[in-house]
Amino acid sequence: MDGVLVSIRDLRVAFAGVPALRGVDLDIAAGESLGLVGESGCGKSVTWLAALGLLTGATATGSVILTGAELLGAPAAALERVRGGRIAMIFQDPSSALNPVLSIGRQIAEALRLHRGLAGAAARAESRRLLDVVGMPDAGGRLDAFAHELSGGQNQRAMIAMALAGEPDLLIADEPTTALDATIQAQILDLLRRLQAERGMALVLISHDLAVVGDLCRRVAVMYGGRIVEEAPAASLFARPAHPYTAGLLAAMPELDGPRRRLAAIPGGVPEPGDFPSGCAFAPRCPRAGPDCVAGVPPPRSLEPGHRAACLRVAA
Amino acid sequence: MTALLHLDGVSRVYRGRRRWFGRGRDVRAVDAVSLTLAPGRTLGLVGESGCGKSTTGRIALGIEPPDAGSVHFRGARLAPPGTVQWRRQRAELQLVPQDPLGALDRRLPVAAQIAEPLLIHGLGSPAERRARVDALLADVGLGAAAGNRYPHQLSGGQRQRVVIARALAAGPALLVCDEPVSALDVSIQAQVVNMLVDLQAARGIALLFISHDLKLVRQISHSVAVMYLGRIVEQGDPEAIFAAPLHPYAQALVSAIPVPGPRQRPRIVLAGEPPDPADRPAGCAFHPRCRRVSAVCRAEPPELTRQADGRLVACHHAGAVA
């Protein structure tokens with residue numbers, strides 16, 4: 001791939017010996033938008049927390065290379081320059097990610113001081129400009145506001161402004177709109193789309209919601225049981241899902257158009273780390289599974305350029 | 001067909017805290033809402049947080065008495081809370097809440113919790129109750145062995161099945177489902193929704209289905225009401241409303257639904273935040289965010305008015321622009 005920004009190879013994470021991530025390979029190109037989809041416990045957040053050295057009490061092996069530099073096991077000082085500087089991350093619940101006793105302006109200024117060496121009036125002016133960029137109403141007045149004085153949507157805008165302060169090459173947005181109302185979710189998705197296009201910044205959107213990912217991202221990776229099971233351009237994934245899990249997720253989603261129909265549920269439950277099935281993790285719930293699926297982990301097969309699925313039933 | 005449940009102009013006001021020399025701010029959570037639910041049918045209630053949909057559900061259940069208006073169940077007015085008649089009516093009105101872990105007692109096996117409504121309403125002998133609990137567990141797709149387990153030993157989807165079994169125990173005619181699948185994984189949501197629809201078909205239960213998920217509401221509802229700041233702004237056939245909403249807020253809400261790939265219609269992105277229910281704008285509450293606002297919207301609250309296709313819309317400009 002041309003212009004690879006981050007290259008993840010065989011990333012494995014275990015908490016006290018319990019595997020949460022079981023060999024993830026993923027490339028992020030500069031300036032691209034990638035959606036990482038899956039249900040609870042599939043490892044979509046852990047992938048990035050491990051890559052950025054944000055997990056405590058976990059063992060991570062494999063490799064995460066950011067433009068030639070290995071991040072896994074890198075010294076703390078090097079990681080601190082990467083976090084917020086090259087790769088920024090925003091989370092689901094902005095009001096708990098923000099510091100309740102510091103004003104929004106102080107928190108953005110702190111990121112500006114750490115990553116761009118700005119202080120005093122220059123930092124305040126830049127903080128204000130960033131709040132304008134993320135569409136904060138009355139940006140000047142909000143510099144001195146605290147998180148509890150803002151709405152959920154405004155807090156998420158403040159988080160995005162902080163994330164932009166270090167001018168990152170990659171923004172990881174972990175369920176950024178899940179806690180927000182529908183009309184506010186639409187505002188934040190539009191903001192992320194605009195920022196990504198204007199700044200040429202790569203974006204990884206972590207979400208449980210295929211529709212949100214399909215709305216915003218050009219490429220999608222689907223995770224299940226600590227592995228990536230399918231990876232494809234968004235258009236191919238929605239038109240021709242290859243992995244039975246992806247197809248099942250799409251069929252389980254109600255639609256806004258077309259005839260009303262009974263939802264096609266996937267039987268069984270979502271496996272939890274520590275209880276991942278051997279072989280293909282989806283086999284116990286899969287309508288097409290056979291003994292061969294349990295025997296070993298299916299390797300990814302290439303279907304068309306950029307479209308891979310880890311399933312024995314997929315015709316390569 | 002006679003209505004199973006009828007809310008007639010119900011309002012609910014939460015009194016704000018009074019301060020020295022100041023007036024507390026009252027929050028009008030629900031304002032003159034009228035709804036009718038037929039036996040065995042599903043009414044979807046949609047809107048964003050703070051729009052009053054959960055309070056409306058609690059009024060329908062008789063948990064919260066309305067400050068104005070009335071609730072009729074099977075043609076009789078809901079009795080005041082705590083009375084014998086209210087208790088009898090409440091056996092037929094049950095809630096399925098969003099968070100099953102919060103709704104269950106962590107220290108009791110789930111079978112004991114499913115049996116609780118039977119004890120409260122004095123239904124059956126101990127042996128009959130045990131048999132009934134096993135049957136209820138089977139109805140929601142759980143084995144009898146699951147009854148001996150504690151909530152933390154079950155998955156989120158299984159816990160929600162337990163909550164539904166408990167709601168069904170006393171043989172209700174109406175379930176108020178308040179975001180019943182929002183906390184569940186996507187692949188589990190469809191299982192629970194299908195189960196609710198099947199139970200409804202088998203037992204003729206009516207559902208008041210409160211949700212922010214418009215796509216889900218469209219799939220399962222026979223009629224739908226969209227709420228904004230305590231009032232119903234549009235109400236009618238879900239196919240018609242979601243295909244071509246008439247109220248500008250309903251239009252924005254439908255267009256805010258994320259869809260994969262290029263969208264047919266451009267998205268209407270609403271400016272600003274939903275206003276504070278304690279500081280309700282004059283006239284039409286939606287007018288500060290509305291694209292079609294005019295002088296009359298700032299002065300006069302619009303009435304719900306029947307349109308040519310039968311749906312109800314509360315907008316001064318509903319007839320003018322489709």
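How far apart do the C-alpha centres of domain 1 of chain A and domain 2 of chain A lie? In this predicted model, the two centres are separated by 29 Å. Domain 1 of chain A is made up of two stretches, 4-86 and 168-309, while domain 2 covers residues 98-166.

The two domains of chain A also touch, with eleven residues of domain 1 in contact with eleven residues of domain 2. On the side that belongs to domain 1, the largest share is contributed by helix 8 of chain A (residues 182-199), which supplies four residues. When this side of domain 1 is sorted by class, eight residues are nonpolar and three are polar, whereas no charged residues are found there.

Within strand 7 of chain A, A:Ile172 is the bridge partner of A:Met89.

Between the chains, the contact draws 33 residues from chain B and 36 residues from chain A. On the chain B side, the elements that give two or more residues are helix 7 (186-203), helix 8 (214-220) and helix 10 (248-255) of chain B, and the largest share, eight residues, comes from helix 7 of chain B. By class, the side of chain B that touches chain A holds 17 nonpolar, ten polar and six charged residues.

Conventions
Residues numbered from 1 in each chain as written. Chains lettered and ligands numbered in written order. Predicted model: local features only at pLDDT ≥ 70, side-chain atom pairs only at ≥ 80, totals over all residues. Domains from an automatic or database assignment. Contact = placed C-beta atoms within 7 Å. Nonpolar A, V, L, I, M, F, W, Y, C, P; charged D, E, K, R; others polar. Pairing = 2+ DSSP bridges.
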